[in-house]
Amino acid sequence: MSEFDVEIDSSGLNCPLPVLKARKALADMAAGQKLHLIATDRGANKDIPAFCKMTGNPLVDSSEADGKLHFIIEKGDANG
């Protein structure tokens, strides 16, 4: 897994909450910093990549371990 600057664990929360938590965290981060988002909602597999594409925050890595989804999102230059 990639290095990251901020971690948010949204385990047990259903969409859209993981996306909203990611949006809030990214708003407080500097461009180039990385967010590690942990989610258990299977919908995040579609929602997080779509959110990243829509907001211009690159999805650097995604994986699954122990029933949890892990996403590394880099804060883009645009205001996400």
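Is D47 buried, partly exposed or exposed? Select D47 and have a look: at 30% relative accessibility, D47 counts as partly exposed. Keep in mind throughout this tour that the model is predicted.

**Stop 1: around D47**

D47 sits in helix α2. Leaving aside residues up to four places away in sequence, D47 touches C15 and V19.

Now follow the contact to C15. The peptide bond from C15 to P16 is cis, with omega near 15 degrees. P16 belongs to the loop between β1 and α1. As background, most peptide bonds are trans.

**Stop 2: helix α1**

Next, select α1, residues 17–27. Colour P18, V19, A22, A25 and L26, which are buried. Seen down the axis of α1, these buried residues fall within an arc of 130 degrees, so they line one face of the helix.

What do the buried residues of α1 pack against? Show β1 (6–9), β2, α2 and β4, and you have their packing partners. Then turn to the other side of α1, where K24 and A27 are exposed.

**Stop 3: the nonpolar core**

Select L35, I48, F71 and I73. Of the 16 residues in the largest nonpolar core, these four touch the most other members. The elements that each supply at least two residues of this core are α1, β2 (34–39), α2 (44–55) and β4 (68–74). In soluble globular proteins, nonpolar side chains tend to be buried together.

Centre the view on I48. Not counting residues up to four places away in sequence, I48 touches V19, L37, L59, F71 and I73.

**Stop 4: a buried lysine**

Move on to K75, in the segment after β4. K75 is buried yet has no salt bridge. Which side chain of opposite charge is nearest to K75? Select D28, which is 8.0 Å away. The side chain of K75 does reach the backbone oxygen of L26, at 2.8 Å. L26 is one of the buried residues of α1 that you coloured at Stop 2.

**Stop 5: the salt bridges**

How many salt bridges are there in the model? The count comes to two. In general, side chains of opposite charge can pair when their charged atoms come close.

Start with K34 and E74, whose closest N and O atoms are 4.0 Å apart. This pair links distant parts of the chain, with K34 in strand β2 and E74 in strand β4, 40 residues apart. K34 counts as partly exposed at 22% relative accessibility, and E74 is partly exposed with a relative accessible area of 25%.

Then select R42 and E64, whose side chains meet in a salt bridge at 3.2 Å, N to O. R42 lies in the loop between β2 and α2 and E64 in strand β3 (residues 59–65), so the pair ties together parts that are 22 residues apart in sequence. R42 is partly exposed, with a relative accessible area of 46%, and E64 counts as partly exposed at 47%.

**Last stop: D66**

Finish at D66, in the loop between β3 and β4. D66 is exposed, with a relative accessible area of 80%. Check the backbone here: phi of D66 is near 55 degrees, a positive value in a residue other than glycine. By contrast, most residues other than glycine have a negative phi.

Technical notes:
Residues are numbered from 1 along each chain as its sequence is written. This is a predicted model: local features need pLDDT of at least 70, side-chain atom pairs count only at pLDDT 80 or more; totals for chains, interfaces and linings use all residues. Side-chain values use heavy atoms; hydrogens and water are left out. A nonpolar core is a set of buried Ala, Val, Leu, Ile, Met, Phe, Trp, Tyr and Cys residues joined through side-chain atoms within 4.5 Å. Buried means under 20% relative accessible area, exposed over 50%, partly exposed in between (1.4 Å probe, protein chains only). Helices (H or I, at least four residues) and strands (E, at least two) are DSSP runs, numbered from the N terminus. Contact means heavy atoms within 4.5 Å. Lys and Arg count as positive and Asp and Glu as negative; His and the chain ends are not counted. A polar contact is a pair of N or O atoms within 3.5 Å; within protein, one must be able to donate a hydrogen and the other to accept it, and residues adjacent in sequence count only if both atoms are side-chain atoms. The arc is that of the directions from the helix axis to the C-beta atoms.
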